[in-house]
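Colleague: I would be grateful for a guided reading of this model, taken one question at a time.

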Amino acid sequence: MIAPSILSADFARLADELAAIHGADWVHVDVMDAHFVPNLTLGLPIVESLLKVTDIPMDCHLMIEDPDRWAIAYAEAGAHNVTVHIEAAKDPIKLARDLRAAGSKAGLSIKPGTPIEPYLDVLKEYDTLLVMSVEPGFGGQSFIAHVLDKVRTVRNLVDTGHLNLLVEIDGGINSDTIEQASEAGVDCFVAGSAVYGAADPARAIEALRTQAVS
Ligand code: DX5
Ligand code: ZN
């Protein structure tokens, strides 16, 4: 699966930019609060407006403090998947259950320097694990390859029936890096600059998909 990130889109033309990624499996929306990460993007009112103009399932990546307080509203608004950071969530098990009760899938994200081992039980409550392969905050950064160890650990637990979730990766995914991520066991690839920096975003999506499965 390919999930283009609108962080690299033209924010003055978001409806057009959503139309440009037909063929995408999900659209990835980065919500940043200038506290959990040193950048500010968009919040619930814009997400609600975007949901009205696209049929592509929305993958909301909340890089915010206190997701326990704010995340449910994104599920209630109609996001397909709502992802919170393990470094920010106070009660991640309750949060996952509340997100599912509000009608979305529950996603958990983990920064490059955070180990996964303490959270394997928590992951049983989640539908997706979003492994960050850059420090969250900005598009266009270089891929951090050592996070693929986390991908392999979780892939193995999924393949042996100990976990049931999708493994997603976010940051620095492009034609040079997608194959190694695919080999490590990623199911869903977020790509911002590699899609929206291309002359034809829809063709870029198809090219990435071909590389991921080959
Ligand atoms: C970074 C965001 C990413 C970002 C990825 O904090 O979470 O979703 O858009 O951008 P690229 O694909 O350019 O690294
Ligand atoms: Zn993201």
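Colleague: Leaving aside its neighbours within four places in sequence, with which residues is Asp30 in contact?
Modeller: This is a predicted model, in which local features need pLDDT of at least 70, side-chain atom pairs count only at pLDDT 80 or more, and totals for chains, interfaces and linings use all residues. Residues are numbered from 1 along each chain as its sequence is written, and chains are lettered from A and ligands numbered from 1 in the order in which they are written. Contact requires that the C-beta atoms of two residues, placed from the backbone, lie within 7 Å. On that basis the partners of Asp30 are Ser5, Leu7, Thr41, His61 and Met63.

Colleague: Is Asp30 buried or exposed?
Modeller: Asp30 belongs to strand β2 (residues 27-32); strands (E, at least two residues) and helices (H or I, at least four) are DSSP runs, numbered from the N terminus. A residue is buried if 20 or more other C-beta atoms lie within 10 Å of its own, exposed if 12 or fewer, and partly exposed in between, with C-beta atoms placed from the backbone. Asp30 has 24 other C-beta atoms within 10 Å, and it is therefore buried.

Colleague: Which residues does the UniProt annotation "binding site" that includes Asp30 cover, and why do they gather at one spot?
Modeller: The annotation comes from an unreviewed UniProt entry; its positions are given in the numbering used here, feature names are shortened, and annotations may be inferred rather than shown by experiment.

Colleague: How many C-beta neighbours does Asp170 have inside 10 Å?
Modeller: Asp170 is part of strand β7 (residues 166-170). Beyond residues up to four places away in sequence, Asp170 touches His61, Leu130, Met132, Ser133 and Val190. Asp170 counts as buried because its C-beta neighbours inside 10 Å number 25.

Colleague: Which residues are the closest to ligand 1?
Modeller: A residue is near a molecule if its C-beta atom, placed from the backbone, lies within 6 Å of it. Ligand 1 is surrounded by 22 residues, and the elements giving two or more of them are β2, β8 (188-191) and α8 (193-196). The closest are Ser5, Leu7, Gly139, Gly192 and Ser193.

Colleague: Is Phe138 buried, partly exposed or exposed?
Modeller: Phe138 is one of the residues in a further "binding site" feature of the unreviewed UniProt entry. Phe138 sits in the loop between β6 (128-132) and α6 (148-159). Since Phe138 has 15 other C-beta atoms within 10 Å, it is partly exposed.

Colleague: In which sense do strand β4 and β5 pair?
Modeller: Pairing requires that DSSP finds at least two bridges between two strands. Strand β4 (residues 81-85) and β5 share 5 bridges, and His85 stands opposite Ser109 in β5. The sense of this pairing is parallel.
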